[in-house]
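Dear colleague,

I am passing on the structure we spoke about, with a few notes on what was found in it. Please have it open while you read on.

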Amino acid sequence: MNDTIVTSADGTAIAFRTMGRGPAMILFGGTFRTADDYLPLASALAGSFTVHLVQRRGRDGSGPLGPDYSLRKEVEDLLAVRAGTGARLAFGHSYGGLVLLEAARTSGVFDRIAVYEPGVPVAPVPTDWMAPYRERLAAGDPYGAFVHFIRGSGGAPPFMEKLPHWYLRTVMRLFYRGAGWRRMRPLLAANLAEHGQIAAQQGRLAEFAAVKAAVLVLCGGRSKAAHREEFAALRDMLPDAALETLDRLDHFGPEGRTAAVVAERVRPFLDLR
């Protein structure tokens, strides 16, 4: 499973790994994630598809985000992989789902796409955490920055808001370590840039009515009810879309041991042979 390199519109190198046999599909991941995090999902789909697993910009093997980073750059990266593979099927998770839907909206090159909890904002996106996060990064305090993200981005349970920052920082140092943290730490700056782009899409929901591809929107039953309502609003805006809830999964359903559950829902939707 060797990496292939394509060149995006701005000259940035984008790597992707290919496995399996069958119709070509692209797998595009989310924030704080590398291609390695989606290997279980790619492997589960490889029995039915030729899976092209993208290592997004800012990750080892691909080029940097660049000084003028934007959602459009990610779309250009995705389209470069599509041009190199001929894939007309795709799966996107979280921020990767937003990139995929934006590419489908602006290019029309995909026939069918599946997205798991895509980062298309419907409600206002919290941004107050970004300034202190940036300050902690500049001060060389990655765990302190991560606490600001966890507590301020809207995904943490309410009790965490009552705990002192120093206490949570200590807990994070104990909980986030090893190989997982070694993959996440280099992505702290990218996480800030990517969430900034998510926030910048606020108010654009109606534009996704231009997506012509058939879309399967998946979400986890353990995700917050307010988030599930946003995915329903997106489903209603898309011209040809279905929404399915996977009861026992959360936002990270496409990863690890639950990846096979997601693959079972994605496979029949994308494979019409």
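Not counting residues up to four places away in sequence, G58 touches G63, P64, L65 and L187. Please keep in mind that this is a predicted model, and that G58 has its place in the loop between β4 (50–55) and α2 (71–85). With a relative accessibility of 27%, G58 counts as partly exposed, because that value falls between the 20% cut-off for buried and the 50% cut-off for exposed. G58 and I14 are 44 residues apart along the chain, and their C-alpha atoms are separated by 9.4 Å.

Leaving aside residues up to four places away in sequence, T31 touches R56, R59, Y95, N191, E194 and H195.

Turning to the helices, α5 (residues 142–152) and α6 (residues 165–175) pack with their axes 9 Å apart and at an angle of about 105°, which makes α5 roughly perpendicular to α6. On the α5 side the contact is made by Y143, G144, F146, V147, H148, I150 and R151, while α6 contributes H165, L168, R169, M172 and R173. The residues of this contact between α5 and α6 divide into six nonpolar, three polar and three charged.

How values were computed:
Residues are numbered from 1 along each chain as its sequence is written. This is a predicted model: local features need pLDDT of at least 70, side-chain atom pairs count only at pLDDT 80 or more; totals for chains, interfaces and linings use all residues. Side-chain values use heavy atoms; hydrogens and water are left out. Helices (H or I, at least four residues) and strands (E, at least two) are DSSP runs, numbered from the N terminus. Buried means under 20% relative accessible area, exposed over 50%, partly exposed in between (1.4 Å probe, protein chains only). Contact means heavy atoms within 4.5 Å. Axes are lines fitted to C-alpha atoms, for helices over the stretch in contact, and angles run from 0 to 180 degrees between N-to-C directions. Angles under 35 degrees count as roughly parallel, over 145 as roughly antiparallel, 65 to 115 as roughly perpendicular and the rest as oblique. Ala, Val, Leu, Ile, Met, Phe, Trp, Tyr, Cys and Pro count as nonpolar, Asp, Glu, Lys and Arg as charged, and the others, Gly among them, as polar.
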